[in-house]
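This is a walk through one protein structure for a reader who has not seen it before. Please keep the sequence and the model in view while reading.

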Amino acid sequence: MSEEFSTLHPARRLIPRVLHQRPDHLNFWDNVDFFSRFRLTKNTVQNLVIQIQDEIQYPTRRNAALTPLQQILLTLRFYATGSFQNSVGDHSGVHQSTACKIIKRVTTTLCRLKPVYINLPEEDEIIAIQQGFFGMADFPRVLLVVDGTHIKIQSPGGDQAEWFRNRKGFFSINAMVACDHQLRIRNIVASWPGSANNMIVFMNSNLKHHFQRRLQNCLILGDSGYAVEKYFMIPLDNPVTPAELRYQESLVRTRNIIERCIGVWKRRFPCLSFGLRTKIETAQDIIVATAILHNIAVNQGDPLPDINSDLEALINIEVPQNVNIDYQYQLRNTYREQLINNYFANL
């Protein structure tokens with residue numbers, strides 16, 4: 001090689017590859033510290049590994065590939081903190097780019113479990129669920145309670161970015177969540193931008209069509225952001241009579257379960273409250289994946305996460321609804337009046 005060529009094209013210095021130490025989180029932390037850091041118990045994580053390891057296992061251990069357990073713990077750590085991916089990578093001994101790929105890989109795999117863990121009640125469950133709700137405040141025939149919650153995201157950019165700006169002024173996804181009496185999420189929609197109100201999300205959901213066509217003797221409860229239907233009850237604007245007051249109290253107490261469910265879900269996975277710094281598609285998958293993990297935790301009897309005052313302030317942010325009720329609203333009110341007159345007036 002000539003001296004002139006060497007001057008113009010200096011040889012690249014080879015940087016030796018550094019393999020970061022991978023901590024053994026499962027054995028290093030005790031049960032309390034492990035739950036605090038990963039938001040699921042050791043037993044639940046080990047069961048999760050069994051369920052999805054075949055889909056996320058790398059074919060070889062070349063290049064020090066992460067095991068399924070390591071991949072799951074890295075992803076759970078991201079869900080538990082909402083931190084930048086380089087911080088999560090440092091915690092697990094991998095580069096930020098690797099952490100990004102693993103989070104997406106595990107999240108996508110978890111979403112494939114949705115038909116197993118998030119489904120509407122079957123016929124053999126309906127009576128037990130209705131009895132569970134009835135035991136709370138004597139409201140009859142309730143099968144699900146529903147509400148919307150805004151998951152903060154970074155600006156998606158592009159011509160449609162403003163669709164994701166909600167009435168509080170920040171970018172979000174308006175996720176519709178429906179749960180049963182045991183805090184299980186039975187339906188979730190995470191595809192609507194923050195500018196969409198709760199009523200629009202529900203009116204275009206499979207949940208609405210399912211109740212219209214298949215569940216004739218069941219009710220959904222919601223707040224005043226929705227409209228009364230034969231199968232959907234909301235609070236009264238101004239209850240006056242004893243029957244109306246009983247209806248109002250019973251509905252409010254029963255509907256409180258959805259606020260608890262969303263609170264526990266977001267408390268378990270704080271990334272939903274701190275905000276997601278990912279692409280829109282990945283953010284939507286993370287919302288669904290954490291809902292699946294929430295149900296797995298409920299099924300496994302995992303403890304509820306501790307309450308943090310700073311996190312609670314983020315969980316309880318209210319986004320005003322721009323509700324435009326159509327002309328049929330007054331006609332639909334007769335369904336509610338019949339329920340009040342035929343049932344609550346006789347209590």
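The paragraphs below start with the whole protein, then turn to its sheet, and end with a few helices and loop residues.

The model is a predicted one. The protein contains 16 helices and five strands. Of its 347 residues, 49% are buried. Among contacts with a separation of 6 or more, 70% are between residues 24 or more positions apart.

Five of them make up an open sheet with mixed pairing, and their order is β3-β2-β1-β4-β5. The edges are taken by β3 (185–193) and β5 (232–233); each has a single partner strand, so one side of each has no neighbour in the sheet.

β2 and β3 are antiparallel and are joined over six bridges. One of the residue pairs is Val177 with Ile188, the latter in β3. The hairpin of these two strands has five residues between them, and Leu183 in this hairpin has a positive phi near 70°.

Strand β1 (residues 142–152) includes His150. With a relative accessible area of 12%, His150 falls under the 20% cut-off and is therefore buried. The side chain of His150 makes a polar contact of 2.8 Å with the side chain of Ser172.

Most residues other than glycine have a negative phi. Asp138, however, has a positive phi near 65°, and Arg141 has a positive phi of about 65°. Asp138 is in the loop between α9 (123–137) and β1, and Arg141 is placed in the loop between α9 and β1 as well. Asp138 is partly exposed at 39% relative accessibility, and Arg141 is partly exposed at 29%.

Next come the helices. How do α3 and α5 cross? The axes of α3 (residues 31–38) and α5 (residues 68–81) come within 7 Å and cross at roughly 70°, which means that α3 is roughly perpendicular to α5. On the α3 side, the contact involves Phe34, Arg37 and Phe38; on the α5 side, it involves Leu73, Leu76, Arg77 and Ala80. Of these residues, five are nonpolar, two are charged and none is polar.

The last stop is Ile340, in helix α16 (residues 329–342). Ile340 is buried, having a relative accessible area of 5%. Beyond its neighbours within four places in sequence, Ile340 is in contact with Leu236, Ala243, Glu244, Tyr247 and Ala345. The C-alpha atom of Ile340 is also 8.6 Å from that of Arg246, a residue 94 positions away along the chain.

Conventions. Residues are numbered from 1 along each chain as its sequence is written. This is a predicted model: local features need pLDDT of at least 70, side-chain atom pairs count only at pLDDT 80 or more; totals for chains, interfaces and linings use all residues. Side-chain values use heavy atoms; hydrogens and water are left out. Axes are lines fitted to C-alpha atoms, for helices over the stretch in contact, and angles run from 0 to 180 degrees between N-to-C directions. Helices (H or I, at least four residues) and strands (E, at least two) are DSSP runs, numbered from the N terminus. Angles under 35 degrees count as roughly parallel, over 145 as roughly antiparallel, 65 to 115 as roughly perpendicular and the rest as oblique. Contact means heavy atoms within 4.5 Å. Ala, Val, Leu, Ile, Met, Phe, Trp, Tyr, Cys and Pro count as nonpolar, Asp, Glu, Lys and Arg as charged, and the others, Gly among them, as polar. Buried means under 20% relative accessible area, exposed over 50%, partly exposed in between (1.4 Å probe, protein chains only). A polar contact is a pair of N or O atoms within 3.5 Å; within protein, one must be able to donate a hydrogen and the other to accept it, and residues adjacent in sequence count only if both atoms are side-chain atoms. Two strands pair if DSSP finds at least two bridges between them.
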